[in-house]
Amino acid sequence: MISIIRQFHFIIIVFSIIAFSNNAFSQKYLGLEIELLELTDANVTALTPNELFDDVWVKPNVSVPNLGNSNTWIWARLNLDPVKDAGLHVEIAYATIDSLQVFMVCDGVTISDQLVGVNNTNNRNRLNIGNYPSFLIPSIDCSNLTCYIRAWSGKQLLLPVRIVSSEKILSDGHVRDVLFAIYLGIVMSLLLYNLFLFFSVKDKNYLHYVLFIIAIGGTQLVLNGYDRVFHLVSIPWISLRMTHIFGILGGVLTILFSRNFLHLKKNAPFYDKLFGLLYIPYFVATLLLVLGFYNTSYDLINFSALSIIILIPASIKVWRSGDVSAGYFLVGWSVFIIAVVIFALKDFGIIPYNEATIYALPMGSAIELVVLSLALGSRINQLKKDSELAKEKELNTSLLNEKIQREQNVKLEQNVEERTSELTKTNASLSETLQNLRSTQEQLIQSEKLASIGQLTAGIAHELNNPINYVSSSAVSLKRDFIDVKEILSLIVNLDPNSESLKESIESVKSKLLELDISFTVSEIDELLEGVEDGAQRTAEIVRGLRIFSRMDGNQEIKANINELLSSTLIILRSNLKHVVDVDVDLSENLPDINCQPGKLNQVFMNIITNAAHATTDTDLKRSERSVKVSTRVVTTDNVEVIQVEISDNGVGMSKETQAQIFIPFFTTKEVGKGTGLGLSIVQGILEDHDAKVEISSTMGEGTIFILSFPT
Amino acid sequence: MINVLYLDDEEHNLTSFRAAFRRDFTVFVTTEPSEALSILKDHPIEVVISDQKMPSISGVEFFELIMPDYPNPVRMLLTGHADIDAVIDAINKGRIYKYISKPWNEAELRKLVEEASYLYKTRTESEAQATDYSIKLYSSQEKLAVLSKDLASCDELSVDSRKAYSQRIDELIEMLEVPKML
């Protein structure tokens, strides 16, 4: 803030020097000598002094009469000294009078009638210099020389009138031009500077500010009449409205610039809304202006302009909230408002009307523009600082983020590790379960095997025990029979042909023969021997069958004949099936040997044949009506030779659903505990190992046919 | 001599059985259950031995078949191998006396047959005695009934004493009913 004040010192000093040290500004206006016409209905339409009737003239008693802002023509008159004033000029030091007509009347005769204003740009004034209209006082001999002034303006109208020499007009004009040039220079440099900043910084505040500068500068240009000097606008319609236009533009851009610069929306929403409302009177003023209500529009513009006072509390509020640039803003606007107040006070004659007070406004506005530039500069610095802070904050945030991320990564890694170990554990338990399952399956297969072995043992025990029984029993009986035979033989051997008792002895042998029933004994011996022979043969057969069958666990492939395998299986099964069914066997004689695992194939045959036999027991058929057939044959189709084993029964048969499931492990139609349901699934596995195909055809109530095809 | 019937589907078993025991018992052998039935009908068989596993009928089934008509012959099951179910059935359904496994021990089998025959004799003798007693009881009852009639027509006794005697006789008849029920 101190630096702001220091910067202002210089400007204020310059302003003071210009305002008070220059003698040229201590002007004398002839307000006390001017008479103003009191308007009446009779003379309101008068166009020349001659048309004025019942005219009453009043002295305003101020150095510069203020005629207010009314849509009427006003009349003023000034008595001139024809001698002293000849060759001098009547200067009306007010640039914004839209229509100004000056009549020189010599003893009641109008000798000159000059019109200047928006409608007469070509004939501005004689000297055609400076920004104020001036009129030559003619050198004429008359007793009373009066200057009549007829004027109209679409805005405030003042009549600062002087009688000065052309030299004075010129010199004063030069001073004004120079001063205005300085002002314009300041404005232009600020304009270009901020325009440049706008293009480099791309901050819309600068654009607003540039437009604001244009509006303010333009206003001063128009107020001081330089628009007309430079012939900026040749269209009267616009020319008439230039002051208003710049007034509206200035107001609107002030609102726009202030709202954005102070960030009112964020910092002071109440003021923001208030400023938003201010667009409305400016809009109305624009409408009025377009429609030609110049004075009403002008009043409205001035009234709205008063609202810039609001900027003071608004900027204080923002400044207090810590925005240094709002301080500059506050100072700038304060200066301007002071200038405006001085300008207005001068118009109402409260303070002297002189060049200094006239220039208060451009002065103030110049200072304001400079200070606002400083405000923007400080804004840049602040933005820079802010952005650096933001960058630092961002850096901090990103560092923090990085840290968090690193921590999270560590956590994540930990999680992954935990998960991995969990998964490993799960995997381990799964593989354990799998192993358990496998071992269970193996156990089941083993128990299935054991069950069939148990079944076999029972059968084989019976099969073996029968021949063993009668062989061993026969041996004992034979021994006993031979004792009888030996007894007879010894009797016969002891017969002495020379003995006298031979006849008697023979008789006793004969009786012994009868007693011992030797003829029966002999036939019995034959029978028993037959039994022994038969028993030995049967035992051998069973043992051979067992030998073939017992290759069950051997996984080696060897050449074997399927007929032989079937026969051995049937021997093993004989006792088990004896009371169930008679198995018809029809084996093809010229069956080639095939490479196979005989033990496993025996398991297959036993399983299917046993199933077939059981299927017949589940019917109402008597034993003699039941039938299981086993046959083999060689079939050649498409030059491919296969061995077919057909096992058929006339049992209960299977439904389509059952047929579809028989090879599924653990599927069984038997009661719980009667079967594991593994038999046929094992069979399928074995057959697949042998590249054998299985065809099943079954009808409920009629029976089932299994056809196994083995490649040769 | 003890009459023994042996049923087995195996011819050689029959031969060796007959050879072993023909000197001790009167042996009847057959492979056919129907023939076995006719033998039972024609001869006073004391001991029936049957194989368990036969094609047409099991030993237990055969015993069940003959029990209603021939309850007295003592039954024995002779088999090469039997599972526990068959043994349970043999005891519960076939009411067998003994279970013998093949190959048989001749001496043991002989002893068992003799024991069975003794059992048969005891069974039939006690039955005969029971029949004898019941006949005697029946005749006693009849005699008592006659006595009761005679008593009713006897005028020499008073009405009261006649009544008392008659009551006493009725009681005796009633008492004799019990063994008759056996």
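Reader: How many helices and strands does chain A have?

Author: In this predicted model, the secondary structure of chain A amounts to 19 helices and 16 strands.

Reader: What percentage of chain A is buried?

Author: A residue counts as buried if 20 or more other C-beta atoms lie within 10 Å of its own. Of the 712 residues in chain A, 35% are buried.

Reader: What share of contacts joins residues at least 24 apart?

Author: Take the contacts in chain A between residues at least 6 apart in sequence: 74% of them join residues at least 24 apart.

Reader: What does the span of helix 8 come to?

Author: Helix 8 of chain A covers residues 269-291, 23 residues in total. From first C-alpha to last it reaches 34 Å, close to the 33 Å expected at 1.5 Å a residue. Just after helix 8, Gly292(A) takes a positive phi of about 100°.

Reader: Which residues of helix 8 are buried, and what covers them?

Author: The buried residues are Tyr271(A), Phe275(A), Tyr282(A), Ala285(A) and Leu289(A). Their cover includes helix 6 (242-261), helix 7 (264-267), helix 9 (294-306) and helix 10 (311-320) of chain A.

Reader: How many residues does each chain bring to the contact between chain A and chain B?

Author: Chain A brings 23 residues and chain B brings 19 residues. On the chain A side, helix 13 (360-493), helix 15 (518-549) and helix 16 (562-578) each supply at least two residues. Helix 13 gives the largest share, 13 residues.

Reader: How do the residues on the chain A side divide into nonpolar, polar and charged?

Author: On the side of chain A that touches chain B, six are nonpolar, 12 polar and five charged.

Technical notes
Residues are numbered from 1 along each chain as its sequence is written. Chains are lettered from A and ligands numbered from 1 in the order in which they are written. This is a predicted model: local features need pLDDT of at least 70, side-chain atom pairs count only at pLDDT 80 or more; totals for chains, interfaces and linings use all residues. Helices (H or I, at least four residues) and strands (E, at least two) are DSSP runs, numbered from the N terminus. A residue is buried if 20 or more other C-beta atoms lie within 10 Å of its own, exposed if 12 or fewer, and partly exposed in between; C-beta atoms are placed from the backbone. Two residues are in contact if their C-beta atoms, placed from the backbone, lie within 7 Å. The expected span of a helix is 1.5 Å times one less than its number of residues. Ala, Val, Leu, Ile, Met, Phe, Trp, Tyr, Cys and Pro count as nonpolar, Asp, Glu, Lys and Arg as charged, and the others, Gly among them, as polar.
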